Amino acid sequence: MAGAKEIRTQIKSIGSTRKITKAMEMVAASKMRRAQERMQMARPYARRMRNVVAHTASASAEYKHPYLSDREQVTTVGYIVVSSDRGLCGGLNSNLFRKLVVAMSDWNDKGVKMNVCVIGKKASAFFKRYGANVVSEATDIGDTPQLELLVGAIKIMMDDYVEGKIDRLFVVYNDFVNTMTQKPTIEQLIPIIPSEEVETQHHWDYIYEREAQEIIDTLMTRYIESLVYQAVADNNACEQAARMVAMKSATDNAGKLIDELQLVYNKARQAAITQELSEIVGGAAAV
């Protein structure tokens with residue numbers, strides 16, 4: 001059994017760690033509320049964009065954007081993977097990567113190549129170790145993601161689709177269900193699949209002030225960017241929620257460990273006192 005001094009040192013060290021994890025839990029809870037607000041604010045714009053794109057896709061316009069054309073033969077697929085820049089958020093990133101690796105293995109079995117765009121340091125580090133073909137990346141997004149920091153990496157993947165370098169484009173992120181549940185999600189971005197939530201019973205088109213091609217090209221680009229931004233906002237809310245839960249669990253475990261060490265310390269202290277009394281009594285008896 002360790003001595004009382006060593007046990008006291010352990011208790012003090014774990015107590016300091018518990019203070020840190022408690023503070024991180026409170027910070028994550030505050031950031032999570034703000035992240036949820038950003039996520040909720042981004043959804044109406046994405047929903048409206050989805051409506052416009054759905055009507056444009058069903059319209060009999062003179063110009064059909066490449067994002068609306070499905071390619072029968074798939075030789076290369078692209079993934080935009082959204083992760084966190086920091087750890088200490090439980091299995092959030094590892095669960096997402098595990099789901100994506102399974103999907104990539106299925107494509108690989110079919111002889112399909114894969115290009116990856118990574119958002120977040122964790123995804124960048126993982127897929128470089130994994131040996132994936134990382135063609136673009138965006139890191140240091142921070143707790144307040146800005147679209148300007150994402151556009152460059154996203155554009156490379158969109159241009160690759162237009163140029164025929166990839167035949168499918170997916171976004172991979174954690175969908176925020178609630179504080180305790182984050183769902184790893186893989187969604188197809190291109191070619192655009194009309195949403196079932198949008199009713200397009202009638203075939204009609206918009207009246208364009210400029211050329212239809214110019215307007216539709218800009219619309220489709222903004223649409224894909226809005227979906228990726230929504231994925232980043234969702235993932236950020238998931239990150240803060242997962243970190244809050246992980247830090248709460250760490251704080252609770254530290255408290256339990258301190259209680260256990262306190263019992264061990266009390267027993268060690270009691271044994272030391274008993275031994276000292278025995279020595280005193282034995283010395284008195286010898287005299």
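**Close-up views of a predicted model**

**View 1. Residue A272 and its setting.** A272 lies in helix α5 (residues 212-286); helices are DSSP runs of H or I with at least four residues, strands are E runs of at least two, and both are numbered from the N terminus. The model is predicted, so local features need pLDDT of at least 70 and side-chain atom pairs count only at pLDDT 80 or more, while totals for chains, interfaces and linings use all residues. Residues are numbered from 1 along each chain as its sequence is written, and side-chain values use heavy atoms, leaving out hydrogens and water. With a relative accessibility of 35%, A272 counts as partly exposed (between buried, under 20% relative accessible area, and exposed, over 50%; 1.4 Å probe, protein chains only). The C-alpha atoms of A272 and A4 are 8.8 Å apart, although 268 residues separate the two along the chain.

**View 2. Strand β1 and its cover.**

**View 3. Strands paired with β1.** Strands β1 and β2 (residues 113-119) run parallel and are joined by 7 bridges; two strands pair if DSSP finds at least two bridges between them. V82 has I119 of β2 as its bridge partner. β1 also pairs with strand β4 (residues 168-178), in the parallel sense, over 5 bridges. In β4, R168 stands opposite V77.
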